[in-house]
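Q: I'm new to this one and would like a close look at a single part. Could you take me through it slowly?

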Amino acid sequence: MNDATRRVVYATATILSAIYLVLFYFALDGYGYSGHGGSHARASRWYWGGPETFHDPNNRAGSVDGTNRLGGGPESGK
Amino acid sequence: MSKVLPGQSNKRGTRADPSGLDYGRIASVYLVFGLLGLFTAWVFSWQSEKIFAGPPNPAASVAATDEPQEAGEQVPTQNFGLIGPFSVTKANEVFRVTVAADVQVNRWSFVEAELLDAERDYLFSFGQELWHETGWDSDGSWAEADETYEMKLTVPSAGQYYLNIKTQGAVAPNYVTVAIHRVYGSSIPHLIFGVLTLLIGIVLNEIANRTIVRIAARGFK
């Protein structure tokens, strides 16, 4: 391995190690799943295969007479 | 005659330019970190503690009666049971919820879990249609079913929480069981890191060694 390659390998390993360690903060903070950042927050696109999620109590939330507390789900339309 | 770039192997496998960058070595670094990232993501999906496992408690359900049927609905939604309260000790803890149902033959049921706070107010919910089908064809009888799903979620703040299980379908499942496990953390950050670094490593390795090209060429012969 020549000097130029060695320098690039060491620099790359250092940068990737730093990123790898910083990511522990986000992993332990629950990043990427529904609920991270508040109950309205949806999951990351990198989380696939899970069920559907519903973040509004129902679709009546903006209605004048909506009760706003009926729960979510596919049945939650007006 | 093809030109050999610095750092790229020639046909004999020797470096064309010893003073150039060895992309194969650099690729190895990315590949190692890619695998390390994916392994770490897998470790974060391990469960650290069982919170609950079993059927929800029907007597403690949020509302004893069915929800009113709304316009356009074909089948009503029923409150199946309530789980909790369970404690979340710190903000942004990650949980894995596994829902399994015994759906009657040739029926479906949308099984939904609502996350409720200590006052039993709705935070968000998740659910999936579960089904069980049987039939006959030229090969004889067949049976297919999808009766379980898994959800990972982050609970944004510490406190007491409930899961309210609801079902929607012409016939309720015979039973529903729910398992809640605390996991070590989110797999997503290290999954992204692992996938991206692996891709960079594979590209650099192709520049240096053309491993995939050579394997593909050997396969065509």
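What is the order of the strands in the open sheet of 4 strands in chain B, and is the pairing parallel or antiparallel?

A: The order is β1-β9-β3-β7 in chain B, and the pairing is antiparallel. A quick note before going on: this is a predicted model, where local features need pLDDT of at least 70, side-chain atom pairs count only at pLDDT 80 or more, and totals for chains, interfaces and linings use all residues. Residues are numbered from 1 along each chain as its sequence is written, while chains are lettered from A and ligands numbered from 1 in the order in which they are written.

Strands here are DSSP runs of E with at least two residues, helices are runs of H or I with at least four, and both are numbered from the N terminus. Two strands pair if DSSP finds at least two bridges between them. At the edges of the sheet sit β1 (47-54) and β7 (148-155) of chain B, each pairing on one side only. On average, neighbouring strands of the sheet are turned by 20° against each other, direction ignored; the axes behind that angle are lines fitted to C-alpha atoms, for helices over the stretch in contact, and angles run from 0 to 180 degrees between N-to-C directions.

Now zoom in on β3 (residues 93-101) and β9 (residues 176-183) of chain B: they run antiparallel and are joined by 7 bridges. One residue to look for is B:V97, whose bridge partner in β9(B) is B:I180.

B:V97 turns up again in the largest nonpolar core, which has 42 residues: along with B:V99, B:I165 and B:V178, it touches the most other members. Such a core is a set of buried Ala, Val, Leu, Ile, Met, Phe, Trp, Tyr and Cys residues joined through C-beta atoms within 7 Å, and buried means that 20 or more other C-beta atoms lie within 10 Å of the residue's own, with C-beta atoms placed from the backbone (exposed is 12 or fewer, partly exposed in between). Leaving out residues up to four places away in sequence, B:I165 touches several residues, including B:F80, B:V111 and B:V178.

In total, 48 residues of chain B are in contact with 44 residues of chain A, contact being C-beta atoms, placed from the backbone, within 7 Å.

Methods:
Two residues are in contact if their C-beta atoms, placed from the backbone, lie within 7 Å.
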